[in-house]
Amino acid sequence: MNPYLTIRNKPEQGKPVTNDALKEQGHGFENAYSFHYFRNVFEWDANECFNWHWHDEFEISYVNCEELICDIENEHIHLHKGDCLFINSRTLHQYTCVSKELSVGMWDSILFRPELIAPADSLLYQKYVSPIIHSDRSYLLFRKEDEWQNEILKFIEDAYRICEENNYFSELQLQTCLLTFWQLLASHQELFPPMNSESPSCLDQERLRAMLKFIWNNYHRNISLENIADAAFISVRTAQRCFRKTIQTTPLLYLQNYRLLCAKGKLLSSSGTILETALSCGFESSSYFDRIFKKVYNETPRQYIKRMKNAPSQTDEEH
C-alpha cells in the first residue's frame, strides 16, 4: 500500500469523516511524513458534494474535470479544468458539482502539515509559515492565465510522480519539491494580509460550525430554525444572515438538502421501506418526502431505487 497516494473513487469515500467541530479525521496521515496526495473521482447527483470540513493541513487542489465548485467560507468559487487552489490551514470548505444532473467531480488534493516546511519553534517557521497561517487570506486561486500557474502545475506533477513511484528517496524528493513551492508562495506575502481575529468572517465561521454540527447530529429529529440558532447562541435573524453570508443558503434549506443526501444513501443501503427511510431522516411523511425528492432530483425515491439497481456496476463496465 502506497503511504503517500490515495485514489478516492468509492461512494463511501465521497464524504469527509469529521469530528463534532467539522474537523476532518483519518484522511491518510497514517504515515509519519505529514504529506498525502489524493486523486478524487466521484459521480455526483444534484446537491451531492464533498461536504463542509476543515483541517490543520494546507491544501493544494488541482481541477481535472470541466467544472467544479469550491465553497470557501463565504465565497462560491467556480473552477474550471486546469485551475489550482491553495487553501489555508483551518479553513472551512467543501467541493460540489455544477450541474443539476449526474456529473463527475475530479480533482487532485495535496495535504501537508505546516511543520513539514519547518519546525514550529524555528526562525524559518516564524518568518515564512506563520505569516501565511495567521493571515486574513483563506485561499489563493491560480488560473491558467496566471504567471504562477506553470510553477504550480510543475509542483503538482512532480509531487504526483514522486508519490506514485514511492522509491527510497521519496521523502527527500517531496521535501525539495515542497520547499520550492513554498518559496514561491512566500515571495508573494503581500497577498496574505494579517488576520483580525475579531473580524466578522472569523465569528461567522465559528457560528456556522456550531450550527452545522447541530444539524448533522440532529437532522433525523423534528428541529426548528430556533433550535439551529440556539446551537450557536444567536438569534434566528443572525443565523439566517450567517448562513446566507457564508454558504449562500438558508438554515432550513441546508437542513432539507442534508436530509435528502442521507435519505439517498439509506434508500440503497437499507432494507427498510421508503416511509421508514423518510421518517428516519426527519421527513414527516412519505408523501412530503416524495414531493421534495422529486423536486430536487427530478425522480421519485422509487424511481431512483429502480434506476440505481438497474445501473451497470463498475465491474460490469470493465468487462
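Q: Is arginine 161 buried, partly exposed or exposed in this predicted model?
A: The model is predicted. Arginine 161 has a relative accessible area of 37%. Buried needs under 20%, and exposed needs over 50%. The value falls in between, so arginine 161 is partly exposed.

Q: How far apart are the closest N and O atoms of arginine 161 and aspartate 158?
A: Both residues sit in helix 2 (residues 149-165). They are 3 residues apart, which means a separation of about one helical turn. Aspartate 158 is buried, at 18% relative accessible area. The pair forms a salt bridge, with its closest N and O atoms apart by 3.7 Å.

Q: Which residues join arginine 161 in one network of salt bridges?
A: Arginine 161 also forms a salt bridge with glutamate 165, the closest N and O atoms being 3.8 Å apart. These two are 4 residues apart in helix 2, again about one helical turn. Salt bridges that share partners link Arg161 with Lys154, Asp158 and Glu165.

Q: Is glutamate 165 buried or partly exposed?
A: Its relative accessibility is 44%. The buried class ends under 20%, and exposed starts over 50%. Glutamate 165 is therefore partly exposed.

Q: How many residues apart in sequence are the parts tied together by aspartate 108 and arginine 39?
A: Aspartate 108 forms a salt bridge with arginine 39, at 2.6 Å between the closest N and O atoms. Aspartate 108 lies in strand 9 (residues 103-112), and arginine 39 in strand 2 (residues 35-44). The pair therefore ties together parts whose separation in sequence is 69 residues.

Methods
Residues numbered from 1 in each chain as written. Predicted model: local features only at pLDDT ≥ 70, side-chain atom pairs only at ≥ 80, totals over all residues. Heavy atoms only, no water. Salt bridge = Lys/Arg side-chain N within 4 Å of Asp/Glu carboxyl O. Buried < 20%, exposed > 50% of the residue type's maximum accessible area, 1.4 Å probe, protein only.
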